[in-house]
Amino acid sequence: MKTNSAKFVKSATSPEQYPRDDRPEVAFIGRSNVGKSSLINSLLGTRGLARTSSTPGRTQLINFFLINDAFYLVDLPGYGYARVPSAVKREWGPMVEKYLASRPNLVLSVVITDSRHRPTELDLQMIDWLRAKNKPFVIAATKADKLSSNELKASLIRAAEASGRNEIVAYSAVTRRGVDRIWNEINARVAGYRSQV
């Protein structure tokens, strides 16, 4: 997909602050510092729309980006080892779960893992939760450019076995490997939502 426009709309912590226009939404979920913001920026072919940082936990709010005036990409706070106050960390889980569970126009979640490592326990908990709630999702294994072909193949097999998901998208924000596959998933889900409304 060609991104003609991409703009930050708002940050939110609760449903009353979410956009109210019912456009379809695609959420991006992953542990802190897994490359979530880099993936979003590379998908959109832009720099700096989603803020990147070497410091885990930079995203502490639910951030909505309007794409082509047609749908939202939603950057969710990272889970895991973020160096933030424990009181803030405790708020993230309920905030994210409330969004994922209650948003009727959420058409797809992109679960982001690190291709260099087996999915973490938190990754697998998120995948199990999405599956139990019948929420459509795709798994993107980032930093694929840092592995050899054989290493990547073995990593994807391990991730598929651990997650119970046959297909994992190998992704690189550097080479843009996997961009088309993620866009295909997004486009199909957005089109499906529009056909129902």
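# Briefing on a predicted α/β model

N68 is placed in the loop between β3 and β4 (71-75). The structure is a predicted model, with an average pLDDT of 88 and 88% of the residues scoring at least 70. The protein comprises 5 helices and 7 strands, arranged along the sequence as β-β-α-β-β-α-β-α-β-α-β-α.

**Overall organisation and confidence**

- Of the 197 residues in the protein, 48% are buried.
- Among contacts in the protein with a separation of 6 or more, 74% are between residues 24 or more positions apart.
- Over residues 52-58, pLDDT stays under 50. The model has 17 contacts beyond four places in sequence for residues 52-58.
- Where pLDDT is low, the predicted coordinates should not be read in detail.

- N68 has a phi near 55 degrees, which is a positive value in a residue other than glycine.
- The relative accessibility of N68 is 21%, so N68 counts as partly exposed. The cut-off for a buried residue is under 20% relative accessible area.
- D69 also lies in the loop between β3 and β4. Its phi is positive, at about 55 degrees, although D69 is not a glycine.
- D69 is partly exposed, since its relative accessible area is 48%; a residue counts as exposed over 50%.

- Helix α1 is mostly covered, with 8 of its 9 residues buried.
- The buried residues of α1 are K36, S37, L39, I40, N41, S42, L43 and L44.
- Just after α1, G45 adopts a positive phi of about 65 degrees.
- R47 is located in the loop between α1 (36-44) and β3. Because its relative accessibility is 82%, R47 counts as exposed.
- The C-alpha atoms of R47 and S37 are 9.7 Å apart in space, and the two residues are 10 apart in sequence.

**Aromatic pairs and a charge over a ring**

- The whole structure contains 6 aromatic pairs.
- One of these pairs, F64 with Y99, is edge-to-face, with 6.2 Å centre to centre and 75 degrees between the planes.
- Because F64 lies in strand β3 (residues 62-67) and Y99 in helix α2 (residues 86-102), this pair ties together parts that are 35 residues apart in sequence.
- F64 and Y99 are both buried. Together with Y18 and Y72, F64 and Y99 form one aromatic cluster.
- Elsewhere, R165 lies over the face of F137, at 3.9 Å from the ring centre.

**Helix α3**

- Helix α3 (residues 121-132) has 12 residues, which should span 16 Å at 1.5 Å a residue. The end C-alpha atoms of α3 are 16 Å apart, in agreement with that expectation.
- The buried residues in α3 include D123, L124, M126, I127, W129 and L130.
- Just after α3, N134 takes a positive phi of about 55 degrees.

**Helix α4 and its packing**

- Helix α4 (residues 149-163) has 15 residues and extends 21 Å from its first C-alpha to its last, close to the 21 Å expected at 1.5 Å a residue.
- L152, S155, L156, A159, A160 and S163 are buried in α4.
- Viewed down the axis of α4, the buried residues fall within an arc of 135 degrees, so they line one face of the helix.
- An α-helix has 3.6 residues a turn, so residues three or four places apart point the same way.
- On the face of α4 turned away from its buried side are the exposed residues N150, K153 and E161.
- The buried residues of α4 pack against α3, β6 (137-142) and β7 (169-170).
- Just after α4, G164 has a positive phi of about 70 degrees.

Note on methods: Residues numbered from 1 in each chain as written. Predicted model: local features only at pLDDT ≥ 70, side-chain atom pairs only at ≥ 80, totals over all residues. Heavy atoms only, no water. Helix = DSSP H or I, 4+ residues; strand = E, 2+ residues; numbered from the N terminus. Expected span 1.5 Å × (residues − 1). Buried < 20%, exposed > 50% of the residue type's maximum accessible area, 1.4 Å probe, protein only. Phe/Tyr/Trp six-rings, centres within 6.5 Å; stacked < 30°, edge-to-face > 60°. Lys NZ or Arg CZ within 6 Å of the ring centre and 35° of its normal. pLDDT = per-residue confidence, 0-100. Contact = heavy atoms within 4.5 Å. Arc of directions from axis to C-beta.
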